[in-house]
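This report looks at selected features of one protein model. Please view the sequence and the structure before reading on.

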Amino acid sequence: MSKRLTIRLTGSEWEALERKARDRPLSTYAREQLLGGDAKPRKAHRRPKADEILLAQILATLGQSELPKSMRTIADATQEGTVAQGGDLLLNLRAACLTIEKIRHDLTTALGIKPQ
């Protein structure tokens, strides 16, 4: 069972601790200073990078879209020779194209590729 220790610091004390901690979290630095060699390492919590967040949003967009279902329906109808020339087909194709364009844009942004 873990317990929490809270202390109040002045602004200058906080800044001094940040300088001494360098790139480590203040809690890690303080624990090391208080406990020395008895300090047990804590499980690291990895924060996702901005590009990982964007890639997750891209996957969410793809998952929420009807793109796979629409494209499969169109492909099946084409193979069977029953492609209807109605407005639904055209709307599905346009929606699929817009989704693909958004995914392409988001992927190029997340991967740091300049659009052509």
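The model is predicted. Its largest pocket holds about 1200 Å³ of space. In total, 27 residues line this pocket, and L26, S27, T28, A30 and R31 are the ones that lie nearest its centre. Two elements, α1 and α2 (26-35), each give two or more residues to the lining. The largest share comes from α2, with ten residues.

A nonpolar patch lies on the surface and is formed by L5, I7, L9, W14, L34 and L35. Together these residues have about 650 Å² of accessible area. One of them, I7, sits in the segment before α1 (11-21).

Is I7 buried or exposed? I7 counts as exposed because its relative accessibility is 60%, and the cut-off for exposed is over 50%.

T99 belongs to helix α5, which covers residues 87-110. T99 has a relative accessible area of 18%, and buried means under 20%, so T99 is buried. Which residues does T99 touch, not counting residues up to four places away in sequence? With those left out, T99 touches S65 and L67.

The table sets out the two single residues.

| Residue | Place | Relative accessible area | Class |

Conventions: Residues are numbered from 1 along each chain as its sequence is written. This is a predicted model: local features need pLDDT of at least 70, side-chain atom pairs count only at pLDDT 80 or more; totals for chains, interfaces and linings use all residues. Side-chain values use heavy atoms; hydrogens and water are left out. Helices (H or I, at least four residues) and strands (E, at least two) are DSSP runs, numbered from the N terminus. Buried means under 20% relative accessible area, exposed over 50%, partly exposed in between (1.4 Å probe, protein chains only). Contact means heavy atoms within 4.5 Å. Patches are made of residues with over 30% relative accessible area and no salt bridge: like charges are joined within 9 Å, nonpolar side chains (Val, Leu, Ile, Met, Phe, Trp, Tyr) within 5 Å. Accessible areas come from the Shrake-Rupley method with a 1.4 Å probe; for residues, only the protein chains shown count as cover. A salt bridge is a side-chain nitrogen of Lys or Arg within 4 Å of a carboxyl oxygen of Asp or Glu. On a 1 Å grid over the protein atoms alone, a cavity is a set of points where a 1.4 Å probe fits but cannot get out, and a pocket is an open set with protein on both sides within 12 Å along at least five of seven lines; lining residues have an atom within 4 Å of a point. Grid points are joined across faces, edges and corners, and a volume is the space filled by probe spheres set on the points.
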